[in-house]
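This report describes selected features of the structure shown below.

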Amino acid sequence: SRPDALMERVFAPWPDMEEEMRRRGIPLFALESREPVKTFDVLGFSLQYEMTYTNLLSMLDLAGVPLQSRARGVEHPLVCAGGPGALNPEPLADFVDFFLLGDGEEAVHDIVREVREWKQAGRPGGREGALLRLAGVEGVYVPGFYGVEYESDGTLRGVWPRRPGVPARVRRRVARLRPEDAPRCPLVPAVEVVFDRAMVEVFRGCTRGCRFCQAGVIYRPVRERPAAEAMSLARQAVDATGYPEVSLVSLSSADYSAIREVAGGLARELAPRGVSVSLPSLRADAFSVGLASDLHRVRKSGLTFAPEAGTERLRRAINKSLGEEEFLAAVRAAQDAGWQHLKLYFMVGLPGETEEDLGGIVSLVERVLAEARGRGGRRLSLSVSVAPFVPKAHTPFQWEPQLPVDELGRRLGLLRSRLRRRNVRFSGHDPRLSLVEAVFARGDRRLGAALEAAFRLGCRFDAWSDRFRYELWLEAFERSGADPGFYAHRRRPHSEVLPWDHLDAGVSRRFLEREHDRALRGETTPDCRGGACEGCGACGGAGRAGGAERRAPGEDKVPQAG
Amino acid sequence: MPRVRIRFRKQGDARFISHLDLVRVMERAARRAGLPLRLSQGYNPRPKMAFASALALGTASDAEYLDLELVRPVPLEDVLGRLREQLPSGLRPSAAAWVPEQAPALMALVNAAEYEVEVEFSGPCPGRAELEQRLRDFVTRGGALDGELLALAEGRARLRLVLPASGGDRARPRRVAESLLSALGCGGRTAGVRRRELLRIEGGRRLVPWELVQGGRARG
């Protein structure tokens with residue numbers, strides 16, 4: 001925290017509240033002070049998921065801030081956005097003044113400093129003056145300073161600076177994981193929310209290299225907290241919040257080098273206080289009996305595994321190999337430790353998927369149930385969740401097409417009917433929603449018009465199945481002249497210029513191309529933490545994307561900027 | 001095991017915390033306060049807490065009660081002070097007292113509640129004397145355990161109503177006010193409800209949870 005800047009929160013109001021506010025002329029206001037959002041200097045959004053973008057527009061509109069960046073004056077807040085979505089920001093380029101790519105802990109202070117100095121100097125240069133200063137902050141991308149050109153076939157020719165003084169390519173910010181940046185006094189809501197528990201980020205980044213996964217690319221290099229630091233932060237979080245559960249979060253917590261020490265140590269220490277330790281989605285191949293029994297101590301949160309694909313062949317192609325025997329051993333261990341319910345995540349429509357792979361999902365689930373039955377004791381119940389694959393920017397699969405909606409629907413229907421049995425709860429994600437997600441996930445600046453059209457037609461909270469209006473989205477695409485198939489269903493050659501090529505996620509394009517080729521050949525790539533460097537570029541090519549950031553106590557290594 | 005009974009107000013924004021959420025808020029506040037809470041047994045240990053009677057969402061209250069079990073005694077002023085520091089504004093602990101071991105649970109104890117209800121008439125409404133008579137009849141017929149007209153001015157009436165703690169619509173102040181309005185033959189709406197006290201009505205006597213507690217008491 002800092003004494004010279006004030007930060008408050010605001011959430012998108014639910015449609016009934018939005019209607020009430022519009023009717024009464026109540027502008028969007030900050031939760032803490034109830035001051036109108038438009039009186040703040042900076043308004044920042046975290047882009048966690050493409051299907052929240054209509055809410056972003058809705059919030060700007062409710063706040064009384066002009067939607068179009070170029071229509072704003074000095075009296076309006078500077079609108080910025082960060083989070084994973086900022087790595088493909090182009091669909092929001094018309095509406096967001098500046099993006100922050102990468103870690104925010106250090107950058108937020110740079111941004112505050114620039115805005116403060118601009119204000120104190122009397123706002124020289126107006127908004128453009130502020131944005132020019134901000135463009136000098138590492139990790140900041142000001143889309144208004146870049147022009148876009150297209151080829152005659154509609155593909156991108158390029159995104160280039162249209163003025164001097166801004167970088168041709170903006171590199172993502174990489175911060176150290178420092179204990180002083182972890183929230184000391186996390187806010188505890190008075191009403192029920194999702195993720196209702198204390199959390200400690202035990203490490204950031206991942207080098208497993210699952211080829212569909214954007215987070216695994218954009219959060220490299222791996223930076224681990226020392227065990228003592230993680231435990232201390234967990235204790236502080238529990239003391240400061242009063243939550244009865246603390247979760248050790250990361251992209252793959254079972255891969256944390258100190259996981260047994262930290263999870264086990266905390267579980268033992270906190271059990272007398274009735275506080276439990278939980279781990280988010282675990283990799284089943286790293287799951288050990290020891291880990292399971294350590295967490296057994298206090299209470300059972302659900303256990304989730306993500307096999308993703310039904311056959312080892314396809315799992316190797318997506319680089320998330322998992323021996324079936326190892327997986328079943330993990331299930332047995334979980335059952336022995338007392339878990340009675342498991343959640344399994346799968347995808348349909350992965351590149352190269354065949355009917356055999358779909359059958360593999362069914363037989364894997366059946367084997368799990370058979371395994372559990374054979375051991376007697378309490379019955380195991382399963383939740384199986386299947387979602388359509390959405391190719392993401394900055395991944396080896398960024399050139400792959402998504403399957404058409406009807407075909408995705410057929411595959412989901414097939415799985416649903418073959419998994420219809422007692423003990424299995426099946427949920428399939430709407431492929432129509434996945435199509436819209438796929439469009440924006442790899443979209444370009446022209447989609448701004450479609451997004452605004454969707455908002456004006458009334459699209460909100462698209463991620464909620466009872467709010468998603470597919471027909472309105474189709475109308476929005478139609479009106480704005482955008483063809484969803486162009487963005488979602490087209491296989492792109494490696495030679496095509498992509499709408500995020502001017503943004504550097506820290507990983508080389510050649511690395512992604514190589515990984516893509518390996519996927520098509522069914523070859524796996526090992527985790528560089530255990531083996532050779534794959535030259536992804538995340539740690540400056542020195543081969544330490546995984547190894548360098550494991551700090552010994554007392555050391556303080558800083559990742560080298562590439 | 002020492003059991004402490006805490007009396008608290010629920011008002012302002014805290015009116016919109018549901019009963020279930022209130023349980024969570026209290027649990028977390030008690031944990032943050034570092035009170036030596038007694039935990040339940042089994043796989044899901046929770047602090048042992050008991051409430052008296054769920055308050056409807058949106059209703060403010062001057063007197064809610066919570067019994068907390070501790071593993072060892074803590075000075076009552078500390079209990080109050082530490083909880084006060086941790087609770088959101090709108091939930092203000094006002095008093096604490098020790099409860100003897102054999103005392104009945106809060107929920108078993110409380111069988112009635114007193115409310116203050118503001119009613120806004122939408123058309124012509126009866127004069128004071130008639131209102132009071134109709135209210136007495138309403139009570140006699142069993143529409144409420146007790147009732148009193150506190151104020152009447154400019155088409156608004158403020159009533160004191162004592163209702164049973166449970167029993168469907170008979171326990172719900174808004175519903176009771178609606179049925180009173182129709183008994184009066186008047187149109188109108190409930191403009192505000194506030195719970196004033198929780199009671200045990202037994203053999204003509206009326207007791208508040210405090211009076212059922214012996215020993216020291218702390219006020220805040």
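## Backbone geometry in loops

Glu154(B) is located in the loop that connects β6 (146-153) and β7 (156-164) of chain B. The model is predicted, and in it Glu154(B) adopts a positive phi of about 45 degrees although it is not a glycine. Is Glu154(B) buried or exposed? Its relative accessibility is 81%, and because the threshold for an exposed residue is over 50%, Glu154(B) counts as exposed.

In chain A, Arg34(A) is likewise a residue that is not a glycine and has a positive phi, here of about 65 degrees. Arg34(A) belongs to the loop between α1 (15-24) and β1 of chain A. With a relative accessibility of 47%, Arg34(A) counts as partly exposed. A further backbone feature concerns the peptide bond from Arg220(A) to Pro221(A), which is cis, with omega near 0 degrees. Pro221(A) is found in the loop between α5 (215-218) and β10 (223-224) of chain A.

## The four-stranded sheet of chain A

An open sheet in chain A is formed by four strands in the order β1-β2-β3-β4, and its pairing is mixed. The edge strands of this sheet are β1 (42-46) and β4 (140-141) of chain A, each of which pairs on one side only.

Within chain A, strand β2 (residues 78-82) and strand β3 (residues 98-100) run parallel and are joined by two bridges. Cys80(A) has Phe98(A), in β3(A), as its bridge partner.

## A hairpin in chain A

Strand β5 (residues 146-150) and strand β6 (residues 156-161) of chain A run antiparallel, with five bridges between them. Opposite Glu149(A) stands Gly158(A), a residue of β6(A). The hairpin of β5(A) and β6(A) has five residues between the strands, and Gly154(A) takes a positive phi near 95 degrees there.

How many residues of strand β15 (residues 381-388) of chain A are buried? Seven of the eight are, so the strand is largely enclosed by the rest of the structure.

β15(A) is joined by eight bridges to strand β14 (residues 341-348) of chain A, and the two run parallel. In this pairing, Tyr345(A) has Ser385(A) of β15(A) as its bridge partner. Five bridges also join β15(A) to strand β16 (residues 424-428) of chain A, again in parallel. Here the bridge partner of Val386(A) is Gly428(A) in β16(A).

Leu62(A) is part of helix α2 (residues 53-63) of chain A. Its relative accessibility is 7%, and since buried residues are those under 20%, Leu62(A) counts as buried. Setting aside residues up to four places away in sequence, Leu62(A) touches Pro13(A), Glu18(A), Met21(A), Arg22(A), Pro27(A) and Leu28(A). The C-alpha atoms of Leu62(A) and Ser278(A) are separated by 38 Å, and these residues lie 216 positions apart along the chain.

Phe195(A) is situated in the loop between β7 (170-171) and β8 (198-201) of chain A. Phe195(A) has a relative accessible area of 59% and is exposed.

## Chain B as a whole

Chain B contains five helices and ten strands. Its C-alpha trace spans about 60 × 35 × 35 Å along the principal axes. Of the 220 residues in chain B, 48% are buried. The chain exposes about 10400 Å², of which carbon and sulfur atoms supply 48%. Among the contacts in chain B with a separation of 6 or more, 73% are accounted for by residues 24 or more positions apart.

Where are the domains of chain B? Domain 1 covers 3-106 and domain 2 covers 112-205. The contact between them takes 14 residues from domain 1 of chain B and seven residues from domain 2 of chain B. Taken over C-alpha atoms, the centres of domain 1 and domain 2 of chain B are separated by 29 Å.

Notes
Residues are numbered from 1 along each chain as its sequence is written. Chains are lettered from A and ligands numbered from 1 in the order in which they are written. This is a predicted model: local features need pLDDT of at least 70, side-chain atom pairs count only at pLDDT 80 or more; totals for chains, interfaces and linings use all residues. Side-chain values use heavy atoms; hydrogens and water are left out. Two strands pair if DSSP finds at least two bridges between them. Buried means under 20% relative accessible area, exposed over 50%, partly exposed in between (1.4 Å probe, protein chains only). Domain bounds come from an automatic or database domain assignment. Contact means heavy atoms within 4.5 Å. Accessible areas come from the Shrake-Rupley method with a 1.4 Å probe; for residues, only the protein chains shown count as cover.
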